[in-house]
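Reader: I would like to work through a few features of this model. Please give the general idea and then the case at hand.

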Amino acid sequence: MDQIIATLRAHLDALPKRMRDADSKLNGARAAVASAKESLTQALGQRKKLELDAEQWKERAKKYRSQSSSVKTNEAYKALQQEIAAAEAEASRIEDRVLEQMMAIEEIERRVKHVEADLKEAEQAVAAEKKQIEAQYHDEKKRSGAASAERDEVARKVAEDVLDLYTRISKKHPGSPMAEARGDQCRACGLRVLPHILQLLTSDTDQELFRCESCGRILYSLEPIPHAAPKVAADGAAGT
Ligand SMILES: [Zn+2]
C-alpha cells in the first residue's frame, strides 16, 4: 500500500510541472505570432515613411513650379525645370516603392492570420490536455485517499513495535523498508542472507523478525512455507 501511495503521490506532485510542460507547447506558436506582428509593425512604419518621403518630393516639385514664373534668365529657367523633373521622378520612384510595400504588407497580414489560427488551434489542444491532466489528478487524488485509508486499516493489524520499526526503516529507505530474501541474498542490497535465517523466514512457526545486516531492511520470503505446501496441493490449487 505504501508503494501504491508513493507512486500516486509522485504523480500528484508532478501536476504543476505537467501543466507547465503543456503550456510550454504554446511557446513556439506564440513566438511566431509575436514575430509576424513585429514584421507587420515594421512594414507599416516603412510604408508611412515612404509616403512622407514621396509627399516631400511632390511638395518640392510644387515649390519649384511656383518659382518658375519669377525666374529671370533662360538658363535659370532650364535649371529649375530640371529640378522639377528630378523631384517628380523621385516622388514617382518612391510611390512605386509604396505600392511594393503595400503588397508586402498584405503578405505579412496573411501570415499573421495564419500563425494566429495556428496558435488558437494549439491553445485548444493544450486546454484539452490540461483538462485531461486535471481529471487524472482528481482521480489519482481519490485513489490516494482510498489507499491511505486502506493502509491505515492494514497498519492497525500490525504490532506497534513492528510498525515503529517499519516506520523508522522507511525513513532511511523510502518506499522499500522491506526486502525479499531470495537465492540466499537480500534482493535490495545483495548481501548474503545466512541459510538458517532463510530457513526461519520460510517457517510458519517462527515469529521472529529478521533484518538485513547490511541495509537494515526487514527481510521476507515468498518461498512456499513447507508445512503449508501439501495442504495447498491437496486443495487442488497446485501450480499457482
Ligand atoms: Zn540488504
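Author: S221 is found in the loop between β3 and α7 (229-234); helices (H or I, at least four residues) and strands (E, at least two) are DSSP runs, numbered from the N terminus. The model is predicted, so local features need pLDDT of at least 70 and side-chain atom pairs pLDDT 80 or more, while totals for chains, interfaces and linings use all residues. Residues are numbered from 1 along each chain, and side-chain values use heavy atoms, leaving out hydrogens and water.

Reader: Is S221 buried or exposed?

Author: Buried means under 20% relative accessible area, exposed over 50%, and partly exposed in between (1.4 Å probe, protein chains only). S221 has 17%, so it is buried.

Reader: Which residues is S221 in contact with, leaving aside neighbours within four places in sequence?

Author: Contact means heavy atoms within 4.5 Å. For S221 these residues are A181, L201 and T202.

Reader: What is the order of the strands in the open sheet?

Author: Two strands pair if DSSP finds at least two bridges between them. The order is β2-β1-β3, with mixed pairing. β2 (185-186) and β3 (218-220) are the edge strands, each pairing on one side only. β1 (residues 178-182) runs antiparallel to β2, joined by two bridges; R182 has Q185 of β2 as its bridge partner.

Reader: How many nonpolar, polar and charged residues has the lining of the largest pocket?

Author: Ala, Val, Leu, Ile, Met, Phe, Trp, Tyr, Cys and Pro count as nonpolar, Asp, Glu, Lys and Arg as charged, and the others, Gly among them, as polar. The lining has 16 nonpolar, six polar and five charged residues.
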